Amino acid sequence: MKVLIAGLGEHKEFGLKSLRDAGHFVGIIDLPHRIPVNLCDWWRAGDGFSVDSMLQAASSADFEWDAILCWAELSTDIAREVARKLGVAAPRMPDGHFRDKGVMHGRLREQGVPSPQLGVARSAAECERLADGHFPVVVKPTDYGGSGGVRVIEAPDDLADAYRAAAALSASGRVAVDRYVVGLEYSVEAVTWAPGDTQILAITEKHLTELPHCVELGHVSPAAVSEADREQLSAATVRTLDALGMEAGVCHAEFRMTDTGPVLMEIAGRPAGGEIPRLVELATGWNLNTAELAAVVGDRTAQGTPAAQCAAIRFFVGDGRTPFRHPVTLDKAMNPPMVGALRELRYFAREGTVARAPRGLVDRLGYAIFAGTRGEVAGALAALGTGTGTGTGTGTGTGTGTGTGTEERDG
């Protein structure tokens, strides 16, 4: 099939390779610097915030597209509008339900699904009213991505600044105020083959940096959860998708597991970012990217053979004080537990760089991907320490993840 990715985002090489390895012709529309021309069969530059720009680019092909997908969070509704205008298959879900946090949680409340959201503010005064009596709270733009503008606020004095920072990033100027939820954080990857027909593909364990921003530091798939928790997370995902009107496509849902059960933080109607699709295929055999395409065109895919028992990614970040040191040295790479478990290593920053403590996905300095037995992966993660590259810490990849519940929006 001829498949157009109308909004690729960054670091989506695995998805492109998955579609091409499955025999599909793959086109891309995005900003020129985001397009890996060696991994696609056709491309055009386009503005992911403009239906007209994307439509013009898509229409410039001298053939018809069979399906249009979007992996860039901020462009998902726009890409589906382009598909509608061209009469091409695309993920099917109501506009706004998966992009706007205010619309999303309002719909969930209407359908009787528990939500941590206290409300949506259009002014600092309204933000203060919503937060009153509920501290700590989480303040975030209703319609942004990449964890940008998200902060945990523990006292009223910090609320006005947090509101202004979030509102500055929100396209609509609206800011969501959520109650702070304590608990281990997980993401659930699922495919909806047809309305009411959702299949859970994987549950992933998530690890975050400290307050107040709590940016995702890593993922482990599959998560080490009890069967009871797995059933609760799966049921909550299906209920959420039904409430939001998902008809065909994949989702990346993020939950906090509390004493009373899972609480939804956010849900995206697209494949996960942060290399989670790669981890899921390594550890479960499910390919989220080919599953999404199959659902869109009314087909199904089957689960493949897992390559490993467990897979994980650790992102490297700075702390605003210490010069960055590459965590995987030559000696570490040549010896256990790294050797045999390390699948990919990338650095985006030079040694000696002093990078700020992360506030979003743009602050990542590199990553390492591991796969093997659960013990091998845990050992490799422990050898990395905290992931700051400072040589400190003894993190094992089994942290508590009790931050804000910020989501991987186009990671």
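Contact here means heavy atoms within 4.5 Å. This is a predicted model, in which local features need pLDDT of at least 70 and side-chain atom pairs count only at pLDDT 80 or more, while totals for chains, interfaces and linings use all residues. Residues are numbered from 1 along each chain as its sequence is written, and side-chain values use heavy atoms, with hydrogens and water left out.

Q: Which residues is Thr-209 in contact with, leaving aside its neighbours within four places in sequence?
A: Thr-209 lies in the loop between strand S10 (197–208) and strand S11 (216–221); strands (E, at least two residues) and helices (H or I, at least four) are DSSP runs numbered from the N terminus. With those neighbours set aside, the contacts of Thr-209 are Cys-214, Val-215, Leu-217 and Pro-358.

Q: Is Thr-209 buried or exposed?
A: Buried means under 20% relative accessible area, exposed over 50%, and partly exposed in between (1.4 Å probe, protein chains only). The relative accessible area of Thr-209 is 16%, so Thr-209 is buried.

Q: Which backbone nitrogen does the side chain of Thr-209 reach?
A: A polar contact is a pair of N or O atoms within 3.5 Å; within protein, one must be able to donate a hydrogen and the other to accept it, and residues adjacent in sequence count only if both atoms are side-chain atoms. At 2.8 Å, the side chain of Thr-209 reaches the backbone nitrogen of Val-215.

Q: How do the axes of H4 and H7 cross, and at what angle?
A: Axes are lines fitted to C-alpha atoms, for helices over the stretch in contact, and angles run from 0 to 180 degrees between N-to-C directions. The axes of H4 (residues 101–110) and H7 (residues 227–244) come within 9 Å. Angles of 65 to 115 degrees count as roughly perpendicular, under 35 as roughly parallel, over 145 as roughly antiparallel and the rest as oblique. H4 is therefore roughly perpendicular to H7, the crossing angle being roughly 105°.

Q: Which residues of H7 does H4 meet?
A: On the H4 side, the residues are Met-104, Arg-107 and Leu-108. Their partners in H7 are Thr-240, Ala-243 and Leu-244.

Q: How many residues of H9 are buried?
A: Helix H9 spans residues 288–296 and is mostly covered. The buried residues include Leu-288, Glu-292 and Val-296.
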